[in-house]
Amino acid sequence: MWGICSRTVVGMAKTGGSVRPQHLVKPVSATRVAGRYLSHQKGLPCLPVPPLQQTCERYVTALEPIADADELMHTKKLVEEFQKAGGLGERLQKGLEKRARSTENWLSEWWVQLAYLEYRMPVVVHSSPGLVLPRMDFNDKLGQIRFAAKLIAGVLDFKTMIDNETLPVENMGGKPLCMNQYYEVLSSCRIPGLKRDSIVNHAKSSQPPKHISVTHNFQFFQLDVYNSDGTPLTEDQLRHQLERICSASQEMNAEPVGILTTQHRDSWGEAYLRLIKDKTNKESVAAIQKSIFTLCLDGATPEVTQEMSRSCAAVQMLHGGGSRWNSGNRWFDKTLQFIVGEDGTCGANYEHAPAEGPPIVALIDHVVEYTRKPETARSPAASLPTPRKLHFNITPEIKSDIEEAKRSIDTLAGDLDIKVIVFSHFGKNVPKAHKMSPDAFIQVALQLAFYRLYRRCCATYESASLRMYRLGRTDTIRSASSASASFVKAFDNPSTQNMEKVDLMEKAVKAHRSYTNMAINGQAIDRHLLGLKLQAIEEKLSIPEIFKDSVYTKALHYQLSTSQVPSKTDCVMCFGPVVPDGYGVCYNPMNDHINFAMSSFNTCEETDAGRLAQAVEGALMDMRAALERAPRAKL
Ligand code: COA
């Protein structure tokens with residue numbers, strides 16, 4: 001159904017395309033260095049609409065490894081009908097091309113609405129990724145507060161670059177990337193609605209926020225992080241303020257209002273109206289929504305073995321461990337939440353609508369580097385205003401909503417199986433030495449692992465960045481290809497010679513890399529097909545048969561939803577599966593090792609994150625062994 005960073009829509013009946021989301025409108029604040037951001041953005045190309053024939057052909061090719069012969073024959077007929085001269089496909093293509101001429105990006109507004117704001121499953125697990133940092137070197141409250149103070153200072157340091165528009169422009173293959181997502185992640189928040197959510201971005205208001213929100217023992221505080229002269233608080237001032245917050249929130253049985261944000265979006269949308277009916281509650285919620293980011297100072301986490309500690313940290317970052325642990329110590333609608341545990345467990349959770357993982361990770365890399373620097377300035381803390389406690393009046397109705405939310409998050413937390421592993425035998429170094437794309441090598445290993453477990457190939461999603469285009473988000477790299485299918489089928493066949501296996505491996509890796517190039521250049525099939533479907537809805541035409549085809553549904557049932565999120569820090573991002581019988585797989589390939597986070601649902605008997613993790617390790621090892629057995633001349 002959905003893919004992470006994607007949430008592609010199946011069986012969708014309507015579109016919110018007519019609404020222009022506020023967060024995509026980009027006014028320049030007075031504090032910014034005039035227009036540097038805008039002039040960069042203006043220079044970026046617009047997302048192209050691929051040719052219709054090309055997408056139709058590539059769609060049929062992409063189905064080969066996952067559809068059987070009869071299905072394929074049927075789909076080919078539907079595709080021919082769709083693309084014929086003067087047919088529905090041509091009409092929709094023209095409509096889409098017209099849309100592309102009159103918008104900054106023909107896809108981005110549709111995308112944020114459909115993939116995120118109209119998606120009604122809880123953002124927890126189903127949409128918001130977690131990010132696990134290496135365990136930090138502290139194990140008590142003092143260490144937690146010290147680290148958290150440094151972390152706040154690090155984010156504010158990064159924010160200065162955003163405010164001054166001095167963030168270095170990123171490149172991919174030498175081409176500059178769209179930097180818009182960086183301007184969307186701070187001071188923004190998702191707001192629940194009854195049928196669709198919205199996003200507010202206060203960074204663009206005439207009075208941008210000067211505070212963060214802090215949660216400790218399920219209680220929220222507003223902490224001003226700038227002095228009246230506009231300078232950020234120093235680390236020792238921040239420490240002092242965090243100590244005050246911790247002292248003022250010793251009560252252990254406060255109602256966990258934040259747990260409401262873990263709910264199904266329709267339920268939360270209704271509960272939200274009940275919550276903000278009260279004036280005090282409304283003000284408290286507004287202070288959280290407006291804050292630059294949320295800092296979660298977490299309580300205890302379950303005691304686990306060393307081997308399990310990263311997986312346990314992933315649980316905390318993804319959903320907080322349930323109502324007994326830290327799920328109530330969050331505001332999951334907040335775009336960016338930093339999480340600091342007392343035992344050195346650290347990381348983040350982010351609401352996906354405004355941005356993809358890479359900008360978030362770049363910010364976090366900066367923050368982690370910053371926390372390693374020695375403290376610079378010291379300032380007197382005594383005169384600082386007391387951090388403001390955000391009060392909530394809990395009516396019986398709200399109490400009942402909280403209890404309902406506790407039950408649902410406990411069920412969801414109990415259902416999610418997550419396994420974080422460090423594959424330590426090699427990293428990008430080995431594929432590179434064999435002149436192969438490391439990402440493609442890992443994706444082909446995932447295909448082999450899946451095939452070994454299930455003796456078949458499945459629709460596989462990998463996120464590809466569209467940031468070479470203005471306001472670009474993602475498209476899909478379909479990792480299951482005919483070439484990968486031939487490779488996985490031959491690899492364990494005892495009658496296949498090693499030379500042939502290596503040959504098939506190279507072809508599969510090359511096919512993947514070539515799909516990647518196609519996708520990052522705006523020529524993949526998935527967003528184009530979605531655009532054609534949405535165009536039909538926009539023009540009030542009947543939905544074309546190719547989208548009602550069971551094979552289309554199959555093609556969007558991503559049992560493997562995967563993403564590479566690289567980072568300088570030795571961290572790993574994690575997310576849930578996007579279908580009940582699927583896996584979520586995120587990885588950070590470092591030079592000599594690879595961090596993986598794999599997830600599955602316990603209610604599905606066929607899937608098991610731990611088994612997949614083992615199978616992936618085995619596949620990577622076996623692929624390297626095959627390469628090493630092959631004569632060098634061949635490589
Ligand atoms: N021989 C030797 N080296 C090679 C090679 C080859 N044939 N092919 C690639 N490499 C090198 C690259 O030069 C690069 O070198 P570096 O480590 O010095 O930078 C490195 O291997 C990695 O390249 P590769 O593994 O091919 O991946 P990539 O960096 O091009 O990334 C994607 C591929 C798909 C992950 C990337 O294009 C992308 O779109 N990322 C966005 C993901 C995203 O948005 N996720 C969202 C999650 S919420």
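Modeller: A cavity is a set of grid points where a 1.4 Å probe fits but cannot get out. By that rule, this predicted model holds three cavities of 30 Å³ or more.

Colleague: What does rolling a probe over the atoms show?

Modeller: A probe the size of a water molecule, rolled over the atoms, shows where empty space is left.

Colleague: How much space lies in the second largest cavity, and which residues line the second largest cavity?

Modeller: The space in the second largest cavity comes to about 40 Å³. Its lining is made of L47, P48, P50, W106, L466, D475, G522, Q523, A524, R527 and H528. Sorted by class, that lining has six nonpolar, three polar and two charged residues.

Colleague: Which element gives the most to the lining of the largest pocket?

Modeller: Helix α12 does, with nine residues. Among the other elements that supply at least two residues each are α7 (141-163), α15 (438-454), α17 (498-520) and β15 (560-564). By class, the lining of this pocket has 21 nonpolar, 13 polar and 12 charged residues.

Colleague: What makes the pair R330 and D298 a salt bridge?

Modeller: The closest N and O atoms of R330 and D298 are 2.7 Å apart. The cut-off is 4 Å, so the pair counts as a salt bridge. R330 sits in the loop between α11 (309-318) and β9 (336-340), and D298 in the loop between β8 (294-297) and α11, so the bridge ties together parts 32 residues apart in sequence.

Colleague: Why is R330 called buried, and why D298?

Modeller: Buried means under 20% relative accessible area. R330 has 0%, so R330 is buried. D298 has 2%, so D298 is buried as well.

Colleague: What makes K204 and E184 a link between distant parts of the chain?

Modeller: Their side chains meet in a salt bridge, at 3.1 Å from N to O. K204 is in the loop between β5 (198-201) and β6 (211-216), while E184 is in the loop between β3 (175-176) and β4 (188-191), and the two are 20 residues apart. Both K204 and E184 are buried.

Colleague: Where do K406 and E403 lie?

Modeller: Both are in helix α13 (residues 396-415), three residues apart, which is about one turn of the helix. An α-helix has 3.6 residues a turn, so residues three or four places apart point the same way. The side chains of K406 and E403 meet at 3.3 Å, N to O, and this is within the 4 Å limit, so the pair is a salt bridge.

Colleague: How many salt bridges does the structure hold, and which residues are linked in a network?

Modeller: The structure holds 35 salt bridges. R120, R190, D197, R265, D266, D333 and E351 are linked in a network of them.

Colleague: How do you know that helix α5 is mostly covered?

Modeller: In α5 (residues 108-117), 10 of its 10 residues are buried. They include W110, W111 and Y116. The buried residues of α5 pack against α4 (88-102), β4, β5, β14 and α18 (526-538).

Colleague: What makes a set of residues a nonpolar core?

Modeller: Its members are buried nonpolar residues joined through side-chain atoms within 4.5 Å. The largest such core has 57 residues, and those with the most contacts inside it are I152, L242, L295 and F338. Helix α7 gives the largest share of this core, 11 residues. Contacts of L295, leaving aside neighbours within four places in sequence, include A148, I152, V214, L242 and F338. A second, separate core has 56 residues, among them L107, V112, I477 and I520.

How values were computed: Residues numbered from 1 in each chain as written. Predicted model: local features only at pLDDT ≥ 70, side-chain atom pairs only at ≥ 80, totals over all residues. Heavy atoms only, no water. Helix = DSSP H or I, 4+ residues; strand = E, 2+ residues; numbered from the N terminus. Nonpolar A, V, L, I, M, F, W, Y, C, P; charged D, E, K, R; others polar. Buried < 20%, exposed > 50% of the residue type's maximum accessible area, 1.4 Å probe, protein only. Contact = heavy atoms within 4.5 Å. 1 Å grid on protein atoms, 1.4 Å probe; cavity = no way out; pocket = protein on both sides within 12 Å on 5 of 7 lines; lining within 4 Å. Points joined across faces, edges and corners; volume = space filled by probe spheres on them.
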